[in-house]
Amino acid sequence: MTTKTDKILIFDTTLRDGEQCPGATLNIDEKLVIAKQLARLGVDIIEAGFAFASPGDFEAVSKIAEIVGTENGPVICSLARAIKADIEAAAKALKPAVKSRIHTFISTSDIHLEYQLRKSRAEVLAIAQEMVAYAKSFVTDVEFSPMDAARSDSEFLYQVLEAAIAAGATTVNIPDTVGYTTPSEFGAMIKGIKENVPNIDQAIISVHGHNDLGLAVANFLEAVKNGARQLECTINGIGERAGNASLEELVMALHVRRQYFNPYLGRPEESQESLTNIDTREIYRTSRLVSNLTGMLVQPNKAIVGANAFAHESGIHQDGVLKNKLTYEIMDAQLIGLTDNQIVLGKHSGRNAFRTRLKELGFELSDSELNKAFVRFKEIADKKKEISDRDLEAIVNDEIQQAPDLFRVELVQVSCGSNARPTATVTLRTPEGEELTDAAIGTGPVDAVYKAINRVVNVPNELIEFSVQSVTAGIDAIGEVTIRLRYESRVFSGHAANTDIIVASAQAYVNALNRLYASLQSQEKPEGVSAQRV
Ligand code: MN
């Protein structure tokens, strides 16, 4: 591991910090699919989880280390508090990875020291040093974060960083844990660290930040100008509260404005060389995948990946854009992998064409997954003449979503209309293989279906979000349904795609119930572990 980099390193924490937000909980298969896509996207480091937090987290980190942490793959990282047991769990889970990193942290702000840790500054300094050295005994690549750095006394912060680097930290990460700083303050903080930590040239400076004031990306860009060379971010900016800095916004800002940033990296202004290792054409697909699997919808006006981000092509600027794209466009939609909806397949397309196109889109499915997806494809091709790439992605994401396959929708039948009482009949196959049928009346067809499902599954829950979106334009489009439901204090999401939105609604609901059901069966995270976060 070198501490010199001529690029800005992208550290993706979608699977750790991103997954901490309510309702974004992913199962191991889903985490693995996202990790594989992050590797295709070209992120330098994947923070795969917090190995000590639960057996499920441990297994996810370990699986990702094994399958994605290959020779040419990204560095796989696990978070660990500055506690021996945490560091040991991280080291053990990361073992299968070719390149692995332990990311350990402890708070350095007086308010956290006094109320959370109940330790003196001298004690914290000693722990940081000792635990970085301990992590270093397992891996060469160690990242250290002084939690709540933005609210820490700067002299003490410099001391802790110097001690951590002396003990072997190769990356020091400066978090704005509570999302409070402004760009100029954050830039000045990085500058202060660069000037006042004597051994700072032996480590890469990283930044981590939250978007409570909508400033995370702006803060990071200012940090880059002042010497930060690693950015910790998430796809679609998901994360606790208002989320983390968004990967796609950072990467595209550094790409579109590279001439502005070049001098800060010691490059000639006109250099066209890219500032990150990201393959920007994978951005859109990654965004869709994360949105579908987490159930966290992307707002239409979201920069870069929102549905309207490039929509001006068909709006008032159309004339100018047609004459010369650059009149109103600062970037080409193709740069993020958004292509026009090419019609690629139809009902006469065979399994080979289907497999080949999926491969070109970056999906590698097992034989049984391919078979299941192909059956779905044929069903949809019967109803919808033209199957676009986005439809294919919806089909495949939907198939991936089926796990955990506990309850399965076997039949949905609805009768409704202006003079009818919406009535639904539903048949579900239970985890034990039994087929159960029930019926209910509702205020509308979806309500009736959900009530009928509830009569079968019988787990009390509250539906808190329901949304339908069409994958492509046209009356025969596939509808994607995303729902979130609450059980006690926890939120579970579900997602499904179908040309029939009532069927998609039923599947999305059962999908969320399956997650709820699976989590009731698996072990819960121990209290207190998830309370401490970077
Ligand atoms: Mn965080």
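Helices (H or I, at least four residues) and strands (E, at least two) are DSSP runs, numbered from the N terminus. Glycine 362 follows one such run, helix H13, and has a positive phi, near 95°.

The model is predicted: local features need pLDDT of at least 70, side-chain atom pairs count only at pLDDT 80 or more, and totals for chains, interfaces and linings use all residues. Residues are numbered from 1 along each chain as its sequence is written, and side-chain values use heavy atoms, with hydrogens and water left out.

Helix H13 covers residues 351-360. Its buried residues are Phe354, Arg357 and Leu358. They fall within an arc of 100° seen down the axis of H13, so they line one face of the helix. The arc is that of the directions from the helix axis to the C-beta atoms. The face turned away from the buried side carries Asn352, Lys359 and Glu360, which are exposed. Here buried means under 20% relative accessible area, exposed means over 50%, and partly exposed lies in between (1.4 Å probe, protein chains only).

The protein chain is divided into domain 1 (9-294), domain 2 (351-400) and domain 3 (408-521). These bounds come from an automatic or database domain assignment. The centres of domain 2 and domain 3, taken over C-alpha atoms, are separated by 23 Å. Eleven residues of domain 2 are in contact with eleven residues of domain 3, where contact means heavy atoms within 4.5 Å.

The size of an interface is often given as the accessible area lost when the parts come together. Domain 2 and domain 3 bury about 940 Å² between them, and 52% of it is on carbon and sulfur atoms. Buried area is the accessible area (1.4 Å probe) that two parts lose on being put together, summed over both. On the side of domain 2 that touches domain 3, the elements giving two or more residues are helix H14 (367-383) and helix H15 (389-401). H15 supplies the largest share of that side, five residues. Polar pairing was also examined. One residue pair is in polar contact between domain 2 and domain 3 (both at pLDDT 80 or more). A polar contact is a pair of N or O atoms within 3.5 Å; within protein, one must be able to donate a hydrogen and the other to accept it, and residues adjacent in sequence count only if both atoms are side-chain atoms.

Side chains of opposite charge can pair when their charged atoms come close. The whole structure holds 25 salt bridges, each a side-chain nitrogen of Lys or Arg within 4 Å of a carboxyl oxygen of Asp or Glu. One of them joins glutamate 30 and arginine 515, with the closest N and O atoms 2.6 Å apart. This pair links distant parts of the chain, 485 residues apart: glutamate 30 is in helix H1 (residues 28-41) and arginine 515 in helix H17 (residues 501-521). Glutamate 30 and arginine 515 are buried.

A salt bridge also connects the side chains of glutamate 248 and lysine 302 (2.9 Å, N to O). Glutamate 248 lies in helix H9 (residues 247-256) and lysine 302 in the loop between H11 and helix H12 (318-323), so the pair ties together parts 54 residues apart in sequence. Both glutamate 248 and lysine 302 are buried.

Arginine 429 and glutamate 410 form a salt bridge through their side chains (3.2 Å, N to O). Arginine 429 is in strand S12 (residues 423-429) and glutamate 410 in strand S11 (residues 408-415), so the pair ties together parts 19 residues apart in sequence. Arginine 429 is partly exposed, at 28% relative accessible area. Glutamate 410 is partly exposed at 37%. Elsewhere, salt bridges that share partners join Arg16, Asp17 and Glu47 into one network.

Glutamate 282 sits in the loop between helix H10 (258-261) and helix H11 (283-294). Its relative accessibility is 13%, so glutamate 282 counts as buried. Its side chain makes a polar contact of 2.9 Å with that of glutamine 37. Neighbours within four places in sequence aside, glutamate 282 is in contact with Gln37, Arg40, Leu41 and Ile336.

Aspartate 110 is placed in helix H4 (residues 110-117). This aspartate 110 is partly exposed, with a relative accessible area of 37%. A polar contact of 2.8 Å joins the side chains of aspartate 110 and arginine 121.
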